[in-house]
Amino acid sequence: MKHETFDSALRSTWQLVSKMYNKEASKFDSTMATGFALLSIDAEGTPSTNLGPKMGMEPTSLSRLLNAMEKRELIIRSKNPNDGRSVLIHLTPFGRQKREDSKAVVLNFNEELNNKLSTQKVKHFFEVIEGIRETTLQFEYFKEDTLKQI
């Protein structure tokens, strides 16, 4: 029997999920990153500075993605009325339509998993994921004092 680490199981599974989402997104002339961004932008607009952390993207990658989305007329940028230094990202009507496509793909995948797995397995999955999150947040390499030493 093959023994896997949590890391390798998470990475290999996410790689498969990512490929699946990109394949589905290509049917809509899109990418997984674009779909994820569409789902991460709030109806009233999202500050661009909040979008990167929300999506787990570096500023350079996010900037490139937003430029491509703006070019495709999925989003528009406007000054934040509450903070003149930041920019709000808004979905265009076309962006809202594409957001619904992305949402349908995600919900369909979720439904497939819920149909395939028992309620107990789904509950255990989320318990395990929460345990991984908590452990990761408490892991010594991510503590500020340890990072200063590196």
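In which strand does serine 86 lie? Serine 86 lies in strand S3, a strand being a DSSP run of E with at least two residues, just as a helix is a run of H or I with at least four, each numbered from the N terminus. The model is predicted, so local features need pLDDT of at least 70 and side-chain atom pairs count only at pLDDT 80 or more, whereas totals for chains, interfaces and linings use all residues. Residues are numbered from 1 along each chain as its sequence is written, and side-chain values use heavy atoms, without hydrogens and water.

**View 1. The open sheet of three strands.** The strands are arranged in the order S1-S3-S2 with antiparallel pairing (two strands pair if DSSP finds at least two bridges between them). Strand S1 (46-47) and strand S2 (75-80) form the edges, each pairing on one side only. Helix H4 (residues 59-71) packs on the sheet and touches S2 and S3 (contact means heavy atoms within 4.5 Å).

**View 2. The pairing of S1 with S3.** Two bridges join S1 to strand S3 (residues 83-91) in the antiparallel sense. Leucine 88 in S3 stands opposite proline 47.

**View 3. The hairpin of S2 and S3.** Two residues separate the strands of this hairpin, and six bridges pair S2 with S3 in the antiparallel sense. Asparagine 80 has aspartate 83 in S3 as its bridge partner.

**View 4. The surroundings of serine 86.** Serine 86 is buried, with a relative accessible area of 10% (buried means under 20% relative accessible area, with a 1.4 Å probe and protein chains only). Leaving aside neighbours within four places in sequence, serine 86 is in contact with Ser78, Lys79 and Asn80.

Conventions
Axes are lines fitted to C-alpha atoms, for helices over the stretch in contact, and angles run from 0 to 180 degrees between N-to-C directions. Buried means under 20% relative accessible area, exposed over 50%, partly exposed in between (1.4 Å probe, protein chains only).
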